[in-house]
Amino acid sequence: MFDTSLTANDLIFLAQGAGMTLVVTAISVFFGTILGIVFGVFRYQVGPWWAAPLTFVLDIFRSIPLLIQLVLANAFVTTVLGIRISGFAVACGVLSLYTAAYCAEIVRGGIEAVPQTLRRAARSLGMTWGQDMTSIVMPLATRVALPSWIGLALGVMKDSALVYIVQVVELLKSTQILITRLQEPLFLLMICGLFYFLISFPIARFGGYLEKRWSND
Amino acid sequence: MIEIENVRKSFGPLEVLKGINLTVAKGEVLTVIGGSGSGKSTLLTCINGLEPIDSGRILVDGVEVHAKSTDLNKLRQKIGIVFQQWNAFPHLTVLENVMLAQVKVLKRSKQQAEAEAAKQLNHVGLGDKLSVYPSRLSGGQQQRMAIARALAMSPDYMLFDEVTSALDPQLVGEVLDTLRMLASEGMTMICVTHEMKFAREVSDRVAFFHKGVMAEIAPPEELFGAPKDPELQKFLSATH
């Protein structure tokens with residue numbers, strides 16, 4: 001029937017690649033989200049004029065293909081600055097900024113969606129700007145921003161396939177290595193796709209669960 | 001005591017308050033009537049410092065609201081305000097809505113805040129809605145919740161900015177009843193309203209605003225019975 005030379009060890013090798021994809025994604029989404037919140041709040045708070053320099057930098061990260069960013073950043077850090085740093089670190093750094101650039105827009109949109117009248121009501125009760133931000137704006141903005149943020153996280157996970165260019169062996173690179181050896185591209189790509197699905201699906205479902213829970217109120 | 005001295009305020013080229021002088025004593029119920037754009041709502045938002053003023057000054061218990069050194073967050077604890085649009089925090093239950101500022105601003109314990117919130121919500125007739133989310137409440141109920149939320153801060157003054165204007169007609173009564181109850185309890189109140197009957201009943205004094213000027217102020221019998229200002233006469237005959 002179906003004949004393959006794929007061994008259990010090869011599957012473990014793929015799983016390790018999937019693990020690397022997961023680690024790179026988790027680190028990048030974590031730091032990218034924190035940075036994105038800082039940038040997003042800053043952009044909302046100071047207005048478009050004062051935020052223009054930041055917006056410009058973020059636009060660069062959003063518009064240049066990730067592959068180019070990775071190659072250039074790697075060359076810049078290792079060759080120009082002469083810093084000895086792993087491809088893994090470069091990958092996480094670039095992906096974090098890439099995530100932050102998108103996340104900043106999501107955060108800003110979320111904050112703008114909170115009605116001004118609610119914020120006035122909070123302030124009129126004597127709440128400070130910070131209390132208004134943490135107790136009213138953030139919970140409400142999070143509900144608005146969550147679907148886009150889940151989409152961003154899943155997107156970053158798939159985009160992380162590009163970090164092979166800085167010598168990080170993640171899921172897709174592991175698959176390619178096996179394809180070269182076993183010459184069974186379609187079968188291996190199916191397995192690779194399955195791995196991607198297995199790590200994305202829980203994230204997507206978790207987002208769906210949160211949305212449902214929050215829609216009660 | 002709230003003292004308003006020669007307050008002027010413009011939005012761009014439009015001057016909405018043209019030198020208002022007004023004093024509201026402790027325990028007084030003042031209603032403010034007038035057409036839209038007369039500046040009456042703006043005055044309320046100036047009193048608790050949500051809007052800056054261009055000149056003049058407003059003193060609340062001797063503290064100048066718009067002075068740089070004034071801690072507005074602290075001052076606002078004394079002055080409750082309820083807006084035309086009911087502003088329930090949608091992600092919190094009715095009880096949590098009323099607890100939040102008590103815990104954050106007054107630093108009350110959760111138990112204290114909860115007890116006070118339950119007390120105030122009972123007071124406005126929402127004792128059976130404590131664990132409900134605001135989206136399940138009618139407009140009138142949300143507005144009463146907003147009143148309870150402001151009262152839970154134990155304010156000395158309450159400002160009401162057309163609190164019934166956005167309500168369906170059949171819900172106006174329950175909110176006005178809540179205001180009547182507060183007035184009878186001796187709360188110092190400034191109510192901007194379009195409800196003439198209500199103004200006549202509860203007020204110690206009624207002020208008529210027209211185009212940024214306080215055209216007339218008098219006890220209700222006098223203001224409604226024998227209006228002197230020609231604009232007020234026009235306004236009253238149009239609303240009756």
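Biologist: Before we dig in, what ipTM does the predictor give the complex?

Modeller: Keep in mind that this is a predicted model. For chain B, the mean pLDDT is 91, and 100% of its residues reach 70 or more. For the complex, the predictor gives a pTM of 0.82 and an ipTM of 0.84.

Biologist: How many helices and strands are there in chain A?

Modeller: Walk along chain A from the N terminus and the elements read α-α-α-α-α-α-α-α. Its C-alpha trace spans about 70 × 50 × 25 Å along the principal axes. The tally for chain A is eight helices and zero strands.

Biologist: Among contacts in chain A between residues at least 6 apart in sequence, what share joins residues at least 24 apart?

Modeller: Chain A has 217 residues, and 35% of them are buried. Take its contacts between residues at least 6 apart in sequence: the share joining residues at least 24 apart is 77%.

Biologist: What end-to-end distance should helix α3 of chain A span, and how far apart are its end C-alpha atoms?

Modeller: Helix α3 of chain A covers residues 66-80, which is 15 residues. After this helix comes Gly82(A), with a positive phi near 65 degrees. At 1.5 Å a residue, α3(A) should span 21 Å, and that agrees with its end C-alpha atoms, which are 20 Å apart.

Biologist: Is Leu146(A) buried, exposed or partly exposed?

Modeller: Leu146(A) sits in helix α6 of chain A. Beyond its neighbours within four places in sequence, Leu146(A) is in contact with Gly207(A), Leu210(A) and Glu211(A). A buried residue needs 20 or more other C-beta atoms within 10 Å. Leu146(A) has 17 of them, so it counts as partly exposed.

Biologist: What about Asn97(B), buried or exposed?

Modeller: Asn97(B) lies in helix α3 of chain B, residues 94-104. Its contacts, leaving aside neighbours within four places, are Ala88(B), Phe89(B), Leu92(B), Pro134(B), Met145(B) and Arg149(B). Since Asn97(B) has 25 C-beta neighbours inside 10 Å, it counts as buried.

Biologist: How many of the residues of strand β8 of chain B are buried?

Modeller: Both faces of β8(B) are covered. On one side sit Thr188(B), Ile190(B) and Val192(B), and on the other Met189(B) and Cys191(B). The strand, residues 188-192, is mostly covered, and its buried count is five of five.

Biologist: Which residue of β8(B) is the bridge partner of Leu159(B)?

Modeller: Strand β7 of chain B (residues 157-161) pairs with β8(B) in the parallel sense over five bridges. Strand β3 of chain B (residues 29-34) also runs parallel to β8(B), joined by four bridges, and there Val32(B) has Val192(B) as its bridge partner. For Leu159(B), the partner in β8(B) is Ile190(B).

Biologist: Which strands stand at the edges of the open sheet in chain B?

Modeller: This open sheet has four strands in the order β2-β1-β4-β5, with antiparallel pairing. Five bridges join β1 (residues 2-11) to β4 (residues 55-60), and Ile4(B) stands opposite Ile58(B) in β4(B). The edge strands each have a single partner strand, so one side of each is left without a neighbour in the sheet: they are β2 (14-24) and β5 (63-64) of chain B.

Key:
Residues numbered from 1 in each chain as written. Chains lettered and ligands numbered in written order. Predicted model: local features only at pLDDT ≥ 70, side-chain atom pairs only at ≥ 80, totals over all residues. Helix = DSSP H or I, 4+ residues; strand = E, 2+ residues; numbered from the N terminus. Expected span 1.5 Å × (residues − 1). Buried ≥ 20, exposed ≤ 12 C-beta atoms within 10 Å, placed from the backbone. Contact = placed C-beta atoms within 7 Å. pLDDT = per-residue confidence, 0-100. Pairing = 2+ DSSP bridges.
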